[in-house]
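Please examine the sequence and the three-dimensional structure shown here before reading on.

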Amino acid sequence: MVKTLITGNKAIAQAAFDAGCDCYFSYPITPQTAIGEYLSEIMPKAGRAYVCAESEIASINMCIGAASTGAKAMTSSSSCAVALMQEGLSYATGDQLPIVLISVMRAGPGLGYIYPSQCDYNQAVTGGGNGDYQIPVLAPSTVQECIDLTHRAFYLAQKYRNPVIVLSDGLLGQMMEPAEFIKHPFPEIDNSDWILSGAKGREPRKIRSLEINEQKHNQNLQHLFDKYEQMKREEVLFEEINTEDADVILVAFGTMGRNIKAAMNLGRKQGVKIGIFRPITLFPFPEKRLFELADKTKKFIVAEMNMGQMVKDVKIAINGKAEVKHIGRPAGEWLDETEILDEVKSLIGECHAASV
Amino acid sequence: MQQVFKIPDCIKKDAKFTFCPGCDHGVALRLLGDAIDELGVREDTIAALCVGCSVFLYDFFDIDCLECPHGRATAEATGIKRARPDKFVFTYQGDGDFAAIGFAESMYTATRGEKVTSICINNTTYGMTGGQMGPTTILGQVTTTTPYGRSAELNGYPLKIAEHIALCDGTAFSARVSLDSVPNILKAKQAIKKACEVQVKGLGFGFVEILSGCPTNWKMTPQEAHKHIKEKMIPVFPLGVFKDVTAG
């Protein structure tokens, strides 16, 4: 099939369209605005809904409304504006509504800047909304993965009746790569038994998280957590290279996954045995595989464009079986392969010094 | 014998309202139910419900309902209507929900001319949380957060909701009505039906603000509450139709 040279943002927009996105609602913010611009051209022509909302608070709530009718709803935003959506995301988990959110990270906190960054790992994975809930988070590292994971996000949202986040960043969103547009590879999920369509010839349906009976409320929450457990069993994705003989395993998500791969290749040429491990699903996190890898490899370095967010999940997964170090920078110029390799060498050097 | 009174079909026959004695919410719900029945849209209706005294409407209505975060119901209604333009969509909100925390969503739903209907109960207080100052609390009114009475200097002025909504180009109908007396209830019924009809006809946003008594938080009897609406509220919030695109 023919490959197209396209940016990550536009690739996501086209993939969402191809996945059958019925309704897109959003508000502009750099560096994700191109998604909305792209969809504003093709959605109305196809008779699908496109609304420039008055705020991100409105756009996520429009998604809730559309999703309640069974429509495939999506919004996209960045960092300080994804912060405004946390209330809506919490409701969407409680109301069990399938929504896709494309989060294209920039630097924070506050207004921060439009530099690419990975500083919203915590925002996406642990969330800022109220209550006990989880949202699957998919982290692409290439434009091709932007396409593939957007299709997957629509599928997972429908399968689990839960919001799903595709966590991209300003670098991936704005850089061009050749990529192939695929047909939606997932089955359609039957939603006819829960959507709101008017109570014609059936009992009325009520979509709500409100439950004043304590026992029923706990049962409802248990149902949410049964879904999260199923996600942990069935949806974990990661990429793993050269871990068999690795003295050090580099761990990174998203765009930084490319840089650890370059550091591995550079290191291997110099005889340093480096492997890489890249979680693609940040929730559910590939904790079992990391725990296994720590049997053999005793040194892990987590490289992130933030001051240490995913590293906490890596430490929890490895549970003290191996040493876990972090290398990071909050925003701007990304850690390159030589900086990462220097960190590897210094860790190995420390090890030698300690064993003498 | 001719039947002159019945519970609207879209309200559950076994519904036990959770409103306080003397509250006007029940009357407002009944009028809305009548309008939905008379337009014959019950089986095509999706309601976007709010947070506040009307938070339990799910249990009263025999129609499909969606829970919305506080103030966001008109955004949800927008999403529902854009996804299913063939459905009848309404929100039922209080003044705090519609015009304080959700004022941006409300104004833009009107401005976009979304073909949905919003009913806003204005009882000049946050009823569910026990009677705090809200966006429409009138000057001098004592609430739990204005113990010395609402002061313009400290708290600003009450918001004229229906007039604001009427200013929006996308609004097809905006009116303020009152439930303090039978003649006013009959006018309220007409206004609510009109706000629903403009949606069915695809003309734009339909809106009714309803002046409604809250005897519990006002610390009055129901009769005193209705007298309060007539003597204190209507002079601040004049009744009338502020916009009607169908008017000749």
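This is a predicted model: local features need pLDDT of at least 70, side-chain atom pairs count only at pLDDT 80 or more; totals for chains, interfaces and linings use all residues.

Residues are numbered from 1 along each chain as its sequence is written, and chains are lettered from A and ligands numbered from 1 in the order in which they are written.

Chain A is divided into domain 1 (4-234) and domain 2 (239-355), the bounds coming from an automatic or database domain assignment. Taken over C-alpha atoms, the centres of these two domains of chain A are separated by 29 Å. In the contact between them, 24 residues of domain 1 meet 21 residues of domain 2; two residues are in contact if their C-beta atoms, placed from the backbone, lie within 7 Å. On the domain 1 side, the largest share, four residues, comes from H6(A). This side divides into 17 nonpolar, five polar and two charged residues. Here Ala, Val, Leu, Ile, Met, Phe, Trp, Tyr, Cys and Pro count as nonpolar, Asp, Glu, Lys and Arg as charged, and the others, Gly among them, as polar. Helices (H or I, at least four residues) and strands (E, at least two) are DSSP runs, numbered from the N terminus.

The largest nonpolar core has 183 residues, of which A:Val100, A:Leu250 and B:Leu49 touch the most other members. Such a core is a set of buried Ala, Val, Leu, Ile, Met, Phe, Trp, Tyr and Cys residues joined through C-beta atoms within 7 Å. A residue is buried if 20 or more other C-beta atoms lie within 10 Å of its own, exposed if 12 or fewer, and partly exposed in between, with C-beta atoms placed from the backbone. Helix H7 (residues 143-160) of chain A gives the largest share of this core, 10 residues. Domain 1 and domain 2 of chain A both contribute residues to the core, so it lies between them. Because 17 of its 18 residues are buried, H7(A) is largely enclosed by the rest of the structure. Leaving aside neighbours within four places in sequence, the contacts of A:Val100 include A:Ala153, A:Phe154 and A:Ala157.

The two chains also meet: 29 residues from chain B and 35 residues from chain A take part in the contact. On the side of chain B, H2(B) supplies the largest share, eight residues. That side of chain B consists of 15 nonpolar, three polar and 11 charged residues.

A sheet crosses between the chains. Strand S10 (residues 206-207) of chain A and S2(B) run parallel and are joined by two bridges; strands pair if DSSP finds at least two bridges between them. Within this pairing, A:Lys206 has B:Cys65 as its bridge partner. The open sheet has eight strands in the order S10(A)-S2(B)-S1(B)-S3(B)-S4(B)-S6(B)-S5(B)-S7(B), with mixed pairing. S10 of chain A and strand S7 (240-244) of chain B stand at the edges, each with a single partner strand, so one side of each is left without a neighbour in the sheet. Strand S5 (residues 171-178) of chain B runs antiparallel to S7(B), joined by four bridges.

Finally, B:Gln132 lies in the loop between strand S4 (117-122) and helix H5 (152-155) of chain B. B:Gln132 counts as partly exposed because it has 16 C-beta neighbours inside 10 Å.
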